[in-house]
Amino acid sequence: MSKTTKKIEANLKKRYAKEKRFRAYGVVSLLISFAFLAVLLVTIFSKGLPAFQQTYIKLDIELNEKILGINKDSDEDALFSASYSKVVKNSLKEMFPGIKGRKQKRALKNLVSKSAAYDLRDKVLEKPTLLGTTQSYWFLAKDDVDVFMKGNIDRTLPESDRRIKDYQLAWIDKLMDEGRLEKRFNTVLFTEGDSREPEQAGMRGAIVGSLLTMLVTILLSFPIGVATAAYLEEFAPQNNRWVDLIEININNLAAVPSIVFGLLGLAVYINIFGVPRSTPLLGGLVLTLMTLPTIIIASRAAIKSVPPSIKEAAIGLGASRMQVLFQHTLPLAMPGILTGTIIGMAQALGETAPLLMIGMVAFVSDIPTGIFDPSTVMPVQIYLWSDSPERAFTERTSAAIMILLGFLVLMNVIAIVLRKKFEKKW
Amino acid sequence: MTELKPDIEKRSEFDIEINGTVGKPFVDNPKMSSRNCDVFYGDKQAIFDVNLDIANNEIIAMIGPSGCGKSTYLRVLNRMNDTIPICKVTGEHTLDGEDIYGKKQDPVLLRARVGMVFQKPNPFPKSIYDNVAYGARLHGLASNRSELDDVVESSLIKAGLFKEVKDDLNKPGTGLSGGQQQRLCIARAIAVDPEVILMDEPTSALDPIATALIEELMDELKENYTIAIVTHSMQQAARVSQRTAYFHLGKLVEVNETDKVFTNPEHQLTENYITGRFG
Ligand SMILES: Nc1ncnc2c1ncn2[C@@H]1O[C@H](COP(=O)(O)OP(=O)(O)O)[C@@H](O)[C@H]1O
Ligand SMILES: [Mg+2]
């Protein structure tokens, strides 16, 4: 072995040791970040999963026309406004006779959600022949019952420290013995809008609101962003002071705190242009401002990475600059552009602060049907629920976070699929 | 190890003056011609006062050390330099006597008449068919599918590629070998039916067999087209071209019949280069 080889060999050991250490650092930091992620997910899932189940209560309802306040030849209007809640109350009274005092009577009524009366009404309207019969139905239980059924109220606590009193416990025990309490999949979460009553509160309104807002955002920010990027990369004069200024500003915009865009939206869109408050249109306009820099920066990088040889080939064949852009540059840059767009959209989907500024934080129980309807969005819904005092909203908050995360995962999957589809080798 | 001795003669190139171009840069009735051509990249001048004619149906080779401006000059001829914002071209340049830098000249039309083949094969990431059909579609040269099929087929035949790919026309052009890709690029250029084809070191990325195929091809193409080829291989210039132009530091030193350039060059710099004293 020559001297040089020996020297190299001696050094090699050091080099390998260094490499090993470096790799160890990498693994450790990876593990740490995974640990944080795991803790986060475990907390949210353990809290949120129960919310996907809801307690239902079975009642034998006597659809007595007299109590309902109608008769054989009542028309639909009368059927609609009949006193169904009274029938529900009677059914409970029959099951637990001899209850005295206003407090206990109210408590009895509060075993069942107010939605029971509406459910009953819908059933009767659908099938008026039910009138005069006695039927068994499952109704949503009130949130307190639900919280107890999920084991979140400790019955060993002294009565004064409990939200559910001893007499209520006795009722629940009796209902359980008779098999009248059951946990089922919580469809309300996906079919209903927001509500003050936890057991009736759903995400539907927020989900639809988010989708409409995203629709406005993508319809505006994608074409504007891609056009800007294409212009700056392919057409703008180089070393021009104005172009440089625009570039610097776009890069700075990407770093502006999102709440500032909310203030801007408030000042410009609402006060100057009179865009209706709390609507997906307004939310989309504000989020467009926020997403544009992300899309522009990602699109520029993607356009820059298109091999110049391809563009030269097209120009050499007599393609105009427009044709080169639309036939070669943009298609080849599309995977990168789409990835950037979806990252921007994912940010926008999770954004809360600017939307608070423009009134999307209002309580909206109706499901929006268009971009001009007042609505809220998923992250704001999470914020609203997390702020509610009822115990039942805590788990719904986590469930809402899970749904939001589900949408984010979905968007990432779409990003990957689109990238795979558009990716071409050259 | 032997010590490296500085080669006196290698340095002498800087002492030799270039006063205009020696040999025969001009022809009667040229296909293309340049007069007083200067090219600048920003403040830096890359081409100094080049005067050159290119004859009909000839192959003219452009040789010279790297960085001497061969590519730059070639790209003057189809206005490819227009795409480089800092690049400025002066002088008079004509194709069939028409000013190609004139106000009336459309660069898109010019590039349809003066095609180009690049150093690195650069097929589009599309099918072989779409690659060849691209230019014809762009300029509306075929009015229906069967005409387009004919254009694609005849171009591939002329480029000597048809036999190899006739069953794979829908496969990606990027999947071919390097030599096939370059012939595909030639077919793509031919499909627009240009009058002049500019080739910038078309075989520098290819193996000797692929190179030989392309050189054969050029010989056939000369029947119908005028070809200007930049090459770093003197053997290639000697094999394919009728005239050879020698560039040095942005100046056109000598233009002569290829035989003469390689057997009896007029200028000292040309001789230094072809005898391998620098380059
Ligand atoms: N796009 C460009 N921008 C600036 N300078 C360039 C550019 N292209 C070429 N040059 C310069 O012009 C000179 C000639 O280059 P080129 O024509 O590519 O030489 P060759 O093809 O003979 O090797 C070189 O000095 C090179 O640095
Ligand atoms: Mg070159």
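The model is predicted, so local features need pLDDT of at least 70 and side-chain atom pairs count only at pLDDT 80 or more, whereas totals for chains, interfaces and linings use all residues. Residues are numbered from 1 along each chain as its sequence is written, chains are lettered from A in the order in which they are written, and side-chain values use heavy atoms, with hydrogens and water left out.

**Helix H8 of chain B**

- Helix H8(B) spans residues 208–221, and its 14 residues reach 20 Å from first to last C-alpha, close to the 20 Å expected at 1.5 Å a residue; helices are DSSP runs of H or I with at least four residues, strands are runs of E with at least two, and the expected span is 1.5 Å times one less than the number of residues.
- Ala210(B), Thr211(B), Ile214(B), Glu215(B), Leu217(B), Met218(B) and Leu221(B) are buried in this helix, where buried means under 20% relative accessible area, exposed over 50% and partly exposed in between, with a 1.4 Å probe and protein chains only.
- Those residues lie on the same side of H8(B) because they cover an arc of only 160° around the axis, the arc being that of the directions from the helix axis to the C-beta atoms.
- Pro208(B), Ile209(B) and Glu220(B) are exposed on the face turned away from the buried side of H8(B).
- The buried residues of H8(B) pack against several elements of chain B, including strand S4 (59–63), helix H5 (145–158) and helix H7 (178–190), with contact meaning heavy atoms within 4.5 Å.

**The largest pocket**

- The largest pocket has a volume of about 900 Å³, a volume being the space filled by probe spheres set on the grid points, which are joined across faces, edges and corners.
- Of the 32 residues that line this pocket, the closest to its centre are Glu233(A), Glu234(A), Arg321(A), Thr83(B) and Pro85(B); a pocket is an open set of points on a 1 Å grid over the protein atoms alone where a 1.4 Å probe fits, with protein on both sides within 12 Å along at least five of seven lines, and lining residues have an atom within 4 Å of a point.

**Single residues**

- Thr217(A) sits in helix H10 of chain A and counts as buried because its relative accessibility is 0%.
- Ser278(A), in the loop between helix H12 (258–270) and H13 of chain A, has a positive phi near 65° without being a glycine.
- Asn36(B), in strand S2 (residues 32–41) of chain B, likewise is not a glycine and has a positive phi of about 50°.
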